[in-house]
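Look at the sequence and the structure together.

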Amino acid sequence: MRRGSILQLVGLGILFGGAATLVAVLIPWLPPVASKQRDRIDFVFWFTTGIAIAVFALVAAVIAYSLMKFRVRPDDDSDGPPIHGHTGVEIVWTAVPAVLVAAISIVSSVVLVQNDDAGKNHMNVNVTARQFAWTFSYPGQGDLTSAQLRLPLGRTVKLHFRALDVIHSFWVPEFGQKQDAVPGQDTSLVITPTKEGTYPVICTELCGLGHALMRTSAIVMKPAAFRAWVHEQQNAAKAPPGQAGQAVFASNGCASCHTLKAANATGTAGPDLDKLPAYAKQAGQPLEDFVRESIADPNAYVQPGFPKNLMPSFSTLPKPQLESLVQYLIASGKGSK
Amino acid sequence: MSTSTIEPQKQLALSPKAKGPFLRAGWLRAAWMMCLFWWIGCGIVLIFRAWAGWDPLWDWSVITVVATLTAAPIGFLAGIGAFDYWVRYASGAPTVPEDHSTHGGKTWKDYFRPNTDHKVIGVQYLVTTIFFFVAAGLLAMLFRAELARPGMQFVDNQTFNGLVSVHAALMIFLFVIPAFAGLGNYVIPLMIGAPDMAFPRLNALSYWLLPIAGTMMLLSFLVPGGAFATGWTSYAPLATDQPLGQVFFNMGVQWAGASSIMTALNFLVTIITMRAPGMTFWRMPLLVWANFTTSLLVVIATPFIAGSQFFVMFDRIMHTNFFDAAEGGYVLGYQHIFWFYSHPAVYIMMLPGFGIASEVISTMARKPIFGYRLMALSLMAILVLGFSVWAHHMFVAGVAPWLRIPMMVTSMIIAVPTGIKVFSWLATIWEGRIHFNTPMLFALGFVSMFVIGGLSGIYLAAVPIDIHVSDTYFVVAHIHYVLFGGSLFTIFAGIYYWFPKMTGRMFDERLGKLHFWMTFVGFNVTFFPMHWLGTQGMPRRVSDYAPRFGDWNMVISIASFFLGASIVVFLYNMIVSWARGPKAGPNPWRSRTLEWQVSSPPPYFNFDELPQVVGNPYEYGVPDARHAVFNGDRTVELEEVNT
């Protein structure tokens with residue numbers, strides 16, 4: 001090869017590499033970082049990106065150079081030089097990629113081990129996934145439950161997953177961590193929040209009709225604010241039935257699908273709960289029985305215009321909670337008239 | 001459609017005696033036998049349900065599986081005549097000595113009945129798979145319309161999930177896998193100097209299973225509850241309690257899988273036993289190597305997906321508990337079995353493409369393949385490694401934590417043989433005499449797009465990154481760069497490359513180039529932004545998404561319609577050129593491999609004279625080198641070789 005052609009090839013490589021680098025740097029590829037684990041994941045991401053840009057630039061430069069220099073007219077009948085191979089070159093392009101992927105593997109392994117380590121002083125949160133809602137409960141805080149994941153800033157938390165029906169998957173892009181919740185199996189995930197804010201919790205495993213709706217939020221709060229919230233929730237649980245019902249309504253994710261003015265809920269996937277008396281009349285049942293049955297066995301009567309099989313059964317709710325929820329819904333419906 | 005001199009035979013049916021229209025093998029018999037077998041299936045179900053005391057007696061979920069999706073298709077196959085010879089042979093009825101009356105495409109009607117000519121079967125395969133490709137592409141455009149804006153516009157959730165699932169299932173099981181089988185079917189026997197495949201009747205049968213599988217998947221839209229809606233991965237336990245459409249996937253996969261296995265067995269036996277004299281393994285074209293390794297993958301892996309789908313169906317209709325955790329089932333077991341097939345399936349969908357790229361690149365660059373033996377060995381390396389990486393689809397699924405790092409390492413190592421292939425193609429075009437025509441455009445388009453798909457694969461193999469982007473649009477982007485930029489580009493390269501051989505006519509080069517550039521631009525605008533959607537937080541398989549992703553989804557949807565339009569150019573070019581294109585001659589690309597040394601289209605039995613292989617297939621630029629000689633000039637050439 002002449003020196004001129006080597007220079008041209010290198011020039012093309014720099015051109016493609018530079019273009020790819022601009023694409024990598026100028027476009028905000030990753031969402032804001034809100035956990036220690038995401039920080040480490042991002043390091044692997046950029047480490048891999050560096051290698052990927054180099055490989056891409058090489059391949060693109062060789063193709064572009066070949067098309068510029070070695071194209072012939074359609075009526076050209078000549079053949080190229082009969083080069084069958086070159087052992088040295090073949091060894092190089094076997095060994096170099098092997099070294100590169102080994103480097104990525106090592107970096108990934110180190111990060112994986114670090115990201116799986118919850119340390120000694122972590123907080124536990126139990127996560128229950130069902131079609132199509134998340135429930136978070138805090139065994140260290142008197143088992144209080146919440147439909148949003150609230151976490152104190154800077155405290156490592158270990159999430160323990162349980163799925164009641166099918167497979168779901170928990171993902172918060174800003175945390176970078178993801179884990180499936182699998183029926184009959186315990187899985188867990190470690191997160192150390194590093195930034196206050198409200199982030200989306202997304203189900204990423206197709207779980208049926210309402211999969212796209214299976215969303216809630218993760219709220220990272222200052223430790224003091226978190227403690228205050230815990231107190232408030234614990235007091236609410238001891239409150240009179242109306243408020244207890246409201247807590248059950250909030251902690252089981254009802255608001256993600258239903259509208260209920262009393263709870264500031266605005267979901268539209270399921271029937272409007274402010275119209276419960278009218279629905280009960282259509283179903284031809286007494287209001288209280290109708291509400292109780294609709295919670296425990298939602299498919300017994302489905303309001304026309306809404307899909308069957310979308311709402312999961314909540315028959316597993318403890319009896320007092322179920323009753324307080326029923327009373328709360330009846331009372332709220334009357335209040336809104 | 002053919003230029004052979006053999007006189008058309010009077011009798012074309014598989015059965016020896018001409019019978020009345022109702023008894024002669026054909027579409028009429030297929031129609032009534034399908035009905036008959038459906039009722040036989042119902043009868044079996046009713047007898048057993050009555051005997052076992054099940055209530056109700058008539059249960060559509062069982063009837064559908066046994067009568068509609070199993071018995072009726074068998075009736076169809078029997079009626080169309082796919083079993084006639086075997087039934088006569090097995091029952092001791094007189095069989096006529098093979099008169100090859102079912103061999104060869106003499107009229108267009110021969111393409112609509114079981115035919116034992118691998119060239120007819122190859123064309124049947126390709127036309128059928130392109131039909132399902134267009135159908136699956138239209139489904140994709142429907143759900144892209146829904147996804148153009150956030151919120152729900154055109155379809156409900158169940159329909160959306162159905163569209164996504166049927167799109168993927170058709171593309172994978174009815175397009176990419178069988179399209180490669182179709183190209184291989186046409187080309188492999190020619191390339192190795194064989195008169196046909198080893199088992200021509202099995203070959204005919206393997207084709208006829210395909211329309212059954214595809215029709216099944218499309219018809220699932222018509223059953224109550226809609227099409228199967230659990231993605232092409234169809235994870236249990238979701239799949240066990242879905243509406244009835246789900247079993248159309250479970251059974252469709254069985255029919256397509258059986259077809260795949262039959263063809264793979266046929267390829268293996270053909271390649272091992274029917275090579276022309278002198279065609280050693282190290283003289284085989286790389287497409288033959290690729291189909292050999294692919295067939296090994298198919299034969300070993302496909303029974304696993306068959307098993308996984310049967311288990312899901314048993315859970316539904318036989319009350320087994322393979323995947324019911326409450327009854328002691330093992331939910332994750334489904335994914336292990338499924339991916340033990342479906343990861344090798346990725347290579348089933350890619351290795352033949354590697355082979356096609358090697359043929360096209362070497363011929364169009366007028367140079368020998370750089371590092372031929374290492375190219376063949378890297379195929380074998382991918383075959384072996386392909387079975388050791390399946391859990392990389394399950395890094396967030398709850399697999400045993402210790403399994404993740406070993407499976408990451410093996411997944412990473414696959415990049416090495418794949419890299420060898422890419423670098424060898426680059427070295428092959430280096431200093432070549434590159435003819436930048438349509439097949440070559442698609443082959444080089446494949447190399448560049450597949451490199452992007454391979455690099456995003458490295459991200460997904462790295463466990464920490466995978467944990468972040470698993471089940472997001474990043475994965476959607478990756479699989480489309482691999483399966484569209486990879487497999488589909490090579491399928492197009494192969495179709496354009498062998499179109500003159502199959503039809504005897506040349507396609508329109510300008511339309512071919514237009515098709516390529518529309519595809520290339522449309523493809524990249526459609527799929528590249530999906531990487532960003534995924535890393536930023538958009539999960540896959542959702543009908544609705546965060547409003548901030550709206551603009552890019554609109555861009556993607558518009559690009560996908562543009563991509564759809566590019567197919568119109570392709571179809572127009574193929575149909576018009578097939579009917580009216582200029583005559584191509586036997587070897588328009590001046591290729592060295594055997595299929596180009598016979599007329600276009602080839603004679604009924606491929607070679608009027610037996611080829612004697614005397615050298616390697618890619619000896620471009622080597623003075624006086626020959627790949628093969630034919631009987632006529634054999635003595636002279638053999639002398640030359642010996643000196």
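Two strands pair if DSSP finds at least two bridges between them. Strands (E, at least two residues) and helices (H or I, at least four residues) are DSSP runs, numbered from the N terminus. The model is predicted: local features need pLDDT of at least 70, side-chain atom pairs count only at pLDDT 80 or more, and totals for chains, interfaces and linings use all residues. Residues are numbered from 1 along each chain as its sequence is written, while chains are lettered from A and ligands numbered from 1 in the order in which they are written.

Start in chain A. Strand β6 (residues 168–172) of chain A and β7(A) pair in the antiparallel sense, over five bridges. Within this pair, Trp171(A) stands opposite Lys178(A), a residue of β7(A). Now widen the view. Five strands of chain A form an open sheet with mixed pairing, in the order β4-β10-β9-β6-β7. β4 (149–152) and β7 of chain A stand at the edges with a single partner strand each, so one side of each has no neighbour in the sheet. From one strand to the next, the twist averages 20 degrees.

Next, find where the chains meet. Residues are in contact if their C-beta atoms, placed from the backbone, lie within 7 Å. The contact takes 71 residues from chain A and 74 residues from chain B. On the side of chain A that touches chain B, the elements giving two or more residues are α2 (36–69), α3 (87–116), β7 (177–181) and β9 (197–203) of chain A. By class, this side of chain A has 40 nonpolar, 22 polar and nine charged residues. Here Ala, Val, Leu, Ile, Met, Phe, Trp, Tyr, Cys and Pro count as nonpolar, Asp, Glu, Lys and Arg as charged, and the others, Gly among them, as polar.

Which residues does Gly371(B) contact, leaving aside its neighbours within four places in sequence? They are Gly85(A), Glu90(A) and Ser424(B). Gly371(B) lies in the loop between α10 (351–365) and α11 (372–385) of chain B. Gly371(B) is buried, because 25 other C-beta atoms lie within 10 Å. The cut-offs are simple: buried means 20 or more other C-beta atoms within 10 Å of a residue's own, exposed means 12 or fewer, and partly exposed is in between.

Move on to two helices. The axes of α1 (residues 27–52) and α2 (residues 60–80) of chain B come within 7 Å and cross at roughly 150 degrees. That makes α1(B) roughly antiparallel to α2(B), a term for angles over 145 degrees. The residues of this contact divide into 23 nonpolar, five polar and one charged. Axes are lines fitted to C-alpha atoms, for helices over the stretch in contact, and angles run from 0 to 180 degrees between N-to-C directions.

Finish with the backbone of chain B. Most residues other than glycine have a negative phi, and most peptide bonds are trans. Arg541(B) is not a glycine, yet has a positive phi of about 60 degrees. Is Arg541(B) buried or exposed? Arg541(B) is buried, with 23 other C-beta atoms within 10 Å. Arg590(B) also has a positive phi, of about 55 degrees. Arg590(B) is partly exposed, with 13 other C-beta atoms within 10 Å. The peptide bond from Ala236(B) to Pro237(B) is cis, with omega near 0 degrees. Another cis bond joins Ser600(B) and Pro601(B), where omega is about -10 degrees.

Notes. Contact = placed C-beta atoms within 7 Å. Parallel < 35°, antiparallel > 145°, perpendicular 65-115°, else oblique.
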